[in-house]
Amino acid sequence: TISKLLAPEISLEGKKILVTAGPTHENIDPVRFIGNYSTGKMGFAIAEAFLQAGAEVHLVTGPVALPDIEHVHMVRVNSAVEMLDACTQLFPEMDAAVMSAAVADYRPAEVATEKIKKKTEELHIHLVKNPDILATLGSLKNKEQVLVGFALETENELENAKEKLNRKNLDLIVLNSMRDAGAGFGHDTNKITLIDEKEARELPLKSKKDVAKDILFTIAGLLKIKNN
Ligand code: C5P
């Protein structure tokens with residue numbers, strides 16, 4: 001395609017990249033869970049882009065309807081705790097990590113061993129906080145590694161994103177717009193602002209494929225700075 005011909009060639013050969021994608025499912029009992037509407041499209045597009053650029057890609061994904069990507073190391077998980085385990089195991093070997101999963105903030109404190117019966121008028125499920133995978137990797141990060149998080153804010157977008165960048169020890173935040181039609185969950189397009197230490201770059205609405213490329217170029221730049 002023309003866009004492929006025009007895009008500057010970039011090689012990430014020899015680089016290892018971890019990507020998270022999709023929702024997590026937090027079990028309530030053997031047949032029920034708490035989840036969200038993330039489709040995994042953005043994370044899979046990012047994995048695909050890095051693969052095209054020659055990187056070794058490890059994709060840790062929650063439950064999604066998308067098929068495995070050939071030549072990508074696929075790790076399919078269910079819950080946030082399982083995703084954390086997979087990510088902390090892989091991260092020390094990685095040059096960069098892009099966390100695009102919509103991880104559930106809370107999980108049931110206990111998982112019932114039998115299907116919960118509808119005996120009472122009200123049912124209370126006690127939830128406990130899930131580990132923050134991104135922040136955990138931020139605390140493990142070394143000088144050469146590039147760590148990228150996503151943010152979806154409804155107010156004080158830039159300010160909150162910047163605060164998150166510092167608090168979680170990130171190199172880049174991909175801010176998803178809530179205000180624009182055609183962006184976010186389930187759509188094939190997305191509108192993002194890329195935020196690093198120095199600047200915030202607001203990009204136009206694009207296909208998730210092209211958004212993935214913008215993210216890749218930015219990460220390639222950050223890797224170069226850190227590893228020179
Ligand atoms: O703090 P907040 O949930 O807004 O941060 C969003 C970013 O953190 C996303 O990159 C998401 O993948 C990541 N995250 C995570 N583990 C969590 C919650 C969020 O990795 N438990």
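**Pocket, sheet and a buried phenylalanine**

The largest pocket has a lining of 34 residues, and A101, A102, V103, D105 and F150 are the ones that lie nearest its centre. The model is predicted. The space in this largest pocket comes to about 930 Å³. Four elements each supply at least two residues of the lining: β1 (16-21), α2 (41-52), α4 (133-140) and β9 (146-152). By residue class, the lining of the largest pocket holds 15 nonpolar, 12 polar and seven charged residues.

Two of these elements, β1 and β9, are also strands of an open sheet. The sheet has eight strands in the order β5-β4-β1-β6-β9-β10-β12-β13. Its pairing is mixed. The edge strands, β5 (73-76) and β13 (200-202), each pair on one side only. From one strand to the next, the twist averages 15 degrees.

Strand β4 (residues 56-61) pairs with both β1 and β5. With β1, the pairing is parallel and spans six bridges. Here L18 stands opposite H58 of β4. With β5, the strands again run parallel, joined by four bridges. V60 has V75 in β5 as its bridge partner. Five of the six residues of β4 are buried, so the strand is largely enclosed by the rest of the structure.

Elsewhere in the sheet, β9 pairs with β10 (residues 172-176). This pairing is parallel, over five bridges. A151 stands opposite L175 in β10. Helix α6 (residues 208-226) lies across β6 (96-99), β9, β10, β12 (192-195) and β13. Relative to β9, the helix runs at about 145 degrees.

Helix α2, which contributes to the pocket lining, also contains F50. Which residues does F50 contact, leaving aside its neighbours within four places in sequence? The contacts are L12, I17, A55, V57, V98, L216 and I219. Among them, I17 falls within the span of β1, V57 within β4 and V98 within β6. L216 and I219 fall within helix α6. F50 and E9 are 41 residues apart along the chain. Their C-alpha atoms are separated by 12 Å.

Key:
Residues are numbered from 1 along each chain as its sequence is written. This is a predicted model: local features need pLDDT of at least 70, side-chain atom pairs count only at pLDDT 80 or more; totals for chains, interfaces and linings use all residues. Side-chain values use heavy atoms; hydrogens and water are left out. On a 1 Å grid over the protein atoms alone, a cavity is a set of points where a 1.4 Å probe fits but cannot get out, and a pocket is an open set with protein on both sides within 12 Å along at least five of seven lines; lining residues have an atom within 4 Å of a point. Grid points are joined across faces, edges and corners, and a volume is the space filled by probe spheres set on the points. Ala, Val, Leu, Ile, Met, Phe, Trp, Tyr, Cys and Pro count as nonpolar, Asp, Glu, Lys and Arg as charged, and the others, Gly among them, as polar. Two strands pair if DSSP finds at least two bridges between them. Axes are lines fitted to C-alpha atoms, for helices over the stretch in contact, and angles run from 0 to 180 degrees between N-to-C directions. Contact means heavy atoms within 4.5 Å. Buried means under 20% relative accessible area, exposed over 50%, partly exposed in between (1.4 Å probe, protein chains only).
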